[in-house]
Amino acid sequence: MLNDRDAVFTRTLALAEQAIGLSDPNPRVGCVLLAADGAVIGEGHTQRAGEAHAEIMALRAARAAGLDPRGATAVVSLEPCSHHGRTPPCCDALVEAGVARVLVASTDPNPQVAGRGIERLRAAGIEVELVGGAWGMAARELNIGFFSRMERGLPWVRLKIAASLDGRTALENGASQWITGPEARADGHAWRRRAGAVLTGIGTVRDDDPRLDVRLVPSALQPLRVVVDSRLELAPAARLLAPPGLVLVACALDPDGAEQASRAAALRDGGAELVCLPGAGNKVDLGRLLQHLAEREQVNELHIEAGHKLNGSLLRASLVDELLVYLAPTLLGLGREMAAFGPLSSLTEALAFGFTGVERVGADLRLLARRRE
């Protein structure tokens, strides 16, 4: 039984977390169905896109157990959808099931919903309470990328860096495997699993030949792998072109131009999709790339694992929302920096972030910091 509101929302958010690496591009939502005495009669979370949402899963669980949801209270982390997408509206399912009350942690930022779900339930005679507060913030935090895409038209951009205590990400000769320990690397894959896409630059591909997939933690989905490759220099034999997952190559040259057509054809034959987004200096326009990822690829969270040059370009353009930094208890001396930008003429020009989390992971430290507005 869950008679305590905090307990039921804790469970609801825990269910929603189970949709990480599963429900993208849909939000991560949990639902708990309670009988009048507080007994849990059904629960569920969002499945793969095009499959059942949290409310449907909870109703199915109740019915499979031979329990009647009529008169029940549905506790959901995000407002039930009110529109026909790949699945019918969850509002209709709750109404048809005869639930008496719905507790909602947060409204849905999708303009197709955005309060309409609550209105629709109330119009059907169902009591609805928008709880908000700490639970609303927790639901938003769990879906920070979905809120970003809906409200800003951009993914939530998280820049991951593994460095020594003196801020070096590699030796001068480029050697970087491995600065941090196995626990930090596995934790980094858990953050990759949150993302709809993992982005890197052609320099990192040349130096490290990374796979950029999720393999150190279980994941139902693989993120889209994105390479910023202005001149289409990506080798068709690069490991990130191998399954699993899809690959998008962002270039600044017309991939069908005479000089690069053969390279483009080889990459397409290898399964990559190409998008041409030219910007200043014959470089990829990074701002347009983020817009493309949000609009065309429906990426909620963008996880970046790149080198100091691309990191610097993203930071200079104010395109990074959050830093995910692993610090190893080592000193490397001369070597490659976290991000190449500057020099600054004054400390007031510094890029300001605020720490939101500090935690030990194995022998290393994990720092989380968000950009200050």
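A search of the whole structure finds one aromatic pair. Rings of Phe, Tyr and Trp (its six-membered ring) count as a pair if their centres lie within 6.5 Å; planes under 30 degrees apart are called stacked, over 60 edge-to-face, and the rest tilted. The partners here are Phe 9 and Trp 135, and they are stacked, with 5.8 Å centre to centre and 20° between the planes. Phe 9 belongs to helix α1 and Trp 135 to helix α5 (residues 133-142), so the pair ties together parts that are 126 residues apart in sequence. Phe 9 and Trp 135 are both buried. Buried stands for under 20% relative accessible area, exposed for over 50%, and partly exposed for what lies in between (1.4 Å probe, protein chains only).

This is a predicted model, in which local features need pLDDT of at least 70 and side-chain atom pairs count only at pLDDT 80 or more, while totals for chains, interfaces and linings use all residues. Residues are numbered from 1 along each chain as its sequence is written, and side-chain values use heavy atoms, leaving out hydrogens and water.

Helices (H or I, at least four residues) and strands (E, at least two) are DSSP runs, numbered from the N terminus. Five strands form an open sheet in the order β2-β1-β3-β4-β5, with mixed pairing. β2 (40-45) and β5 (127-130) stand at the edges with a single partner strand each, so one side of each has no neighbour in the sheet. From one strand to the next, the twist averages 15°. Two strands pair if DSSP finds at least two bridges between them. Strand β4 (residues 101-104) and β5 run parallel and are joined by four bridges. Val 102 stands opposite Val 128 in β5.

Two helices meet this sheet. Helix α1 (residues 5-17) lies across β1 (30-34), β2, β3 (73-76), β4 and β5, and runs at about 140° to β1. Helix α2 (residues 54-64) touches β1, β2 and β3, and its direction makes about 145° with that of β2. Axes are lines fitted to C-alpha atoms, for helices over the stretch in contact, and angles run from 0 to 180 degrees between N-to-C directions. Contact means heavy atoms within 4.5 Å.

Which residues of α2 are buried? They are Ala 54, Glu 55, Ala 58, Leu 59 and Ala 62. Seen down the axis of α2, these buried residues fall within an arc of 135°, so they line one face of the helix. The arc is that of the directions from the helix axis to the C-beta atoms. An α-helix has 3.6 residues a turn, so residues three or four places apart point the same way. The buried residues of α2 pack against β1, β2, β3 and α3 (90-97). Arg 60 and Ala 64, on the other side of α2, are exposed. Gly 66 follows α2 and has a positive phi, near 75°.

Val 29 sits in the loop between α1 and β1. Its relative accessibility is 8%, so Val 29 counts as buried. The C-alpha atoms of Val 29 and Ser 77 are separated by 5.6 Å, though the two residues are 48 residues apart along the chain. Leaving aside residues up to four places away in sequence, Val 29 touches residues including Ala 16, Gly 44, Ala 54 and Ser 77.

A second open sheet has nine strands. Their order is β11-β10-β9-β8-β12-β6-β13-β16-β15, with mixed pairing. At the edges stand β11 (272-276) and β15 (353-361), each with a single partner strand, so one side of each is left without a neighbour in the sheet. Neighbouring strands of this sheet are turned by 20° against each other on average, direction ignored. Strands β13 (residues 322-328) and β16 (residues 364-371) run antiparallel, joined by six bridges. In β16, Ala 369 is the bridge partner of Leu 323.

Helix α7 (residues 182-194) packs on the nine-stranded sheet. It touches β6 (156-164), β8, β12 (301-304), β13, β15 and β16. Helix α10 (residues 286-295) lies across β6, β8, β9 (224-228), β10 (247-251), β11 and β12, running at about 165° to β9.

Thr 200 is found in strand β8 (residues 197-201). At 0% relative accessibility, Thr 200 counts as buried. Beyond residues up to four places away in sequence, the contacts of Thr 200 include Val 205, Leu 212, Val 227 and Leu 310.
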